[in-house]
Structure formats: structure tokens, C-alpha cells
Amino acid sequence: MIIVQFLLIAAFLFLFYVAIRSRTAHSVSASKKLLFFALMAVLVVAVLAPGLVTSVANLVGVGRGTDLVLYLMAVAFGFYVVNDYLRGQDSRNQLHRLARRIAVLEALERYGIDHRDEADPDAVSDDVG
Amino acid sequence: MVPVYNEAEVIGSVIADVLTVCPTIVCVNDGSSDASAAEIVKAGGYLVDHPINMGQGAALQTGIEFARALPHIQRFVTFDADGQHLVADAVRMLELLATEELDIVLGSRFLGDTVGASGAKKLLLKAAVKFSNATSGIRLTDAHNGLRAFNRHVAETMEITASDMTHASEIIELIAANDYRYREVPVTIHYTDYSTSKGQASVNAVNIAVDTLLRRVTRS
């Protein structure tokens, strides 16, 4: 029991360390960092005091602590999947706009079409926003 | 504008066909791995080359953005690369655009003739129309027809973000959102063995439905 507790907590701490040390960490919002920190803290407590999780589970009408953790995990995974999907679409859209810009500029150049006056529609919308 | 992805076999004759009625043709080569790009240049079309494969909707948007940089072009047509459309239909749509107070003219299979489509395909397309009418608020008889004609106003304001086959539904949503004056006209689709083998699988309808609903959720 002690061994598994040690391993789990070591894993959580390592995850936390990697997340904080990550070079892109400064671009993640503070609220997300706090949420992640809270999640890690809850996980450490849950590993150290399984009885506590069971009392919380009983409080909300779930029999066992492990069941409550499972349900919460399912919900968290659902959020993760949707968030990841939307973020993937966002970065795909950015990539497509970049590639489109390259393709159009390259073609205009190749055909010798004057495009200096042509306003970049993306740049314009950025100015407005 | 013709979005092209691995259509080297037929793109040359499609371009030659279109050039008999239109002065300019813009082909967007969507990262084809075959000789499509060379065929486009050989046939005398403007070639815009995607550095990576991005999907038909993305290719259409690229074609629109290149074509609107050509100052002399006032009317635009989207045309499929696989030879399933007739240039005569495109001409009729352009004439309508020139003479009537319209921003965009859409081709419809169900007002016209469909040659060679299976019963199941027809049924699926009809279901897609019902779905589109319910979600977009625009009443059409054909939601996924690649033949469209529109004026410069539409070309300047069109912003397709759906990269894959979902773009057809997105264009209809844009018609509703931007209050384009639209009309549907009957067109003939020629389903050849070639176009059927290249066309989208029917299971794709599920993708289109899900993406359409997701777009509604995330935009509202």
C-alpha cells in the first residue's frame, strides 16, 4: 500500500513539475494553472486518504470512493476530448490560412499579378478586432 | 474556380471545356500526388498550388481569394474537377447572374436530370437537403452541389472555414448569414464511373451532419 502511494504521488509530482517547467507554460492562463494545481492536490490527498474520498462519495450518494473517482474521470475525459478537438480545429484553421496565403502569394508572383494594393483580409479583420 | 485533388486523368479536358465559355479558369491543386499540377498548366489554367492537402472547402476558399485578386473578374463559378458538371449549365447560371438581381446562383440536381446515380445515393442526398433546410433556414432542393455562380460581392465576403466536404453546408449558412440574394437552377450531373469512384462515400453524410451541428453550437 505504501509503495503504491509513493509511486502515485511521485507520478503526480512529476506531471506537475513537467507542466510548470514547460517552455510554453507562460501562455497557459493562470486559471488553468490553478485548476491543474488543485487537481494534483486532490489526487495526492485521495491517494493518501482513500477514506476521505469514500466519505465525499457517500455525501453525494455514491457508494464507493473509487466509483466517484471513475465518474469524475469520465466527465473530465469528455471535457478533454472536446477541448482537444476544438483546439485541433483552431490550429488547423491557422495552418490552412497560412498555407493559403503562401499559395495565393506564390501564384500571384508567378503570374506577375500586382498584389501590393490587395488588402490582406485577415490583417484587416485583426485591425478591426 | 476548380478545386483539384489527384484528377490528372480528367482535369485537362475539364479545363479545355470550361475555357470554351469562360476567359479565365483558376485551378487550386490541393497537394495532389499525381500530375494534376502539370496538366493544369498544360491546359492553360491558372495554377494555385497548396503546399499541403487541405480539403475541398479550403481549396475553394483559396480559389476565391486568388480570383478576387484578378481585378477584371466580376463573376465567379465553382466547378468540380471530375467532369460531372456541364459548362452549358455554368453559362446559364452566369447569364442569370448578369441579368437578374442575384448574388449567387446554385445548381440543383433535383430540379434537373441526374444521370447514373443509384437510388440509395438519391435518397441520401434528399435526406441531406431536409437536414440542411432545417439547420440553415434556407430552402433549397440540393444542399451539396459543386456548381455555383456568384458575383464579386459574394467573392469579397465569402469566408469558408470548413476545409472538408462540410463546406457545402457552410456556404448555405453563409448565404443566410450575409443575406445573399440566391436562386437555385436545375443542372445536370453526369455521374460517370470515374466521378462515382472519386466521389465521397455515403458514410461521409454522418461527418457532414455532425460538423454542421457542432458549427451551430460553437458559433452561437
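## The sheet of chain B

In this predicted model, chain B holds an open sheet of 3 strands, ordered 1-2-3, with parallel pairing. Strands are DSSP runs of E with at least two residues, and helices are runs of H or I with at least four; both are numbered from the N terminus. Two strands pair if DSSP finds at least two bridges between them. Strand 1 (2-4) and strand 3 of chain B are the edge strands, each pairing on one side only. From one strand to the next, the twist averages 25°.

Strand 2 (residues 26-29) of chain B runs parallel to strand 3 of chain B, and 4 bridges join them. Val26(B) stands opposite Tyr46(B), which belongs to strand 3 of chain B. Helix 3 of chain B lies across strand 1, strand 2 and strand 3 of chain B. Its direction is at about 140° to strand 2 of chain B. Angles run from 0 to 180 degrees between N-to-C directions; axes are lines fitted to C-alpha atoms, for helices over the stretch in contact.

## Where the chains meet

The contact between the chains takes 15 residues from chain A and 18 residues from chain B. Residues are in contact if their C-beta atoms, placed from the backbone, lie within 7 Å. On the side of chain B that touches chain A, strand 3 (46-49) and helix 3 (56-67) of chain B are the elements that give two or more residues. Helix 3 of chain B gives the most, with 5 residues.

That side of chain B divides into 10 nonpolar, 6 polar and 2 charged residues. Nonpolar means Ala, Val, Leu, Ile, Met, Phe, Trp, Tyr, Cys and Pro; charged means Asp, Glu, Lys and Arg; the others, Gly among them, are polar.

## Two helices of chain A

Helix 3 (residues 50-59) and helix 4 (residues 65-110) of chain A pack at an angle of about 75°, with their axes 7 Å apart. That makes helix 3 of chain A roughly perpendicular to helix 4 of chain A (65 to 115 degrees; under 35 is roughly parallel, over 145 roughly antiparallel, the rest oblique).

Helix 3 of chain A brings Pro50(A), Val53(A), Thr54(A), Val56(A) and Ala57(A) to this contact. They meet Gly65(A), Asp67(A), Leu68(A) and Val69(A) of helix 4 of chain A. The contact divides into 6 nonpolar, 2 polar and 1 charged residues.

## Confidence and numbering

The model scores ipTM 0.76 and pTM 0.73. Chain B has a mean pLDDT of 81, and 82% of its residues reach 70 or more. pLDDT is the predictor's confidence in each residue, from 0 to 100.

Local features need pLDDT of at least 70 and side-chain atom pairs count only at pLDDT 80 or more, while totals for chains, interfaces and linings use all residues. Residues are numbered from 1 along each chain as its sequence is written, with chains lettered from A and ligands numbered from 1 in the order in which they are written.

Definitions and conventions
Two residues are in contact if their C-beta atoms, placed from the backbone, lie within 7 Å.
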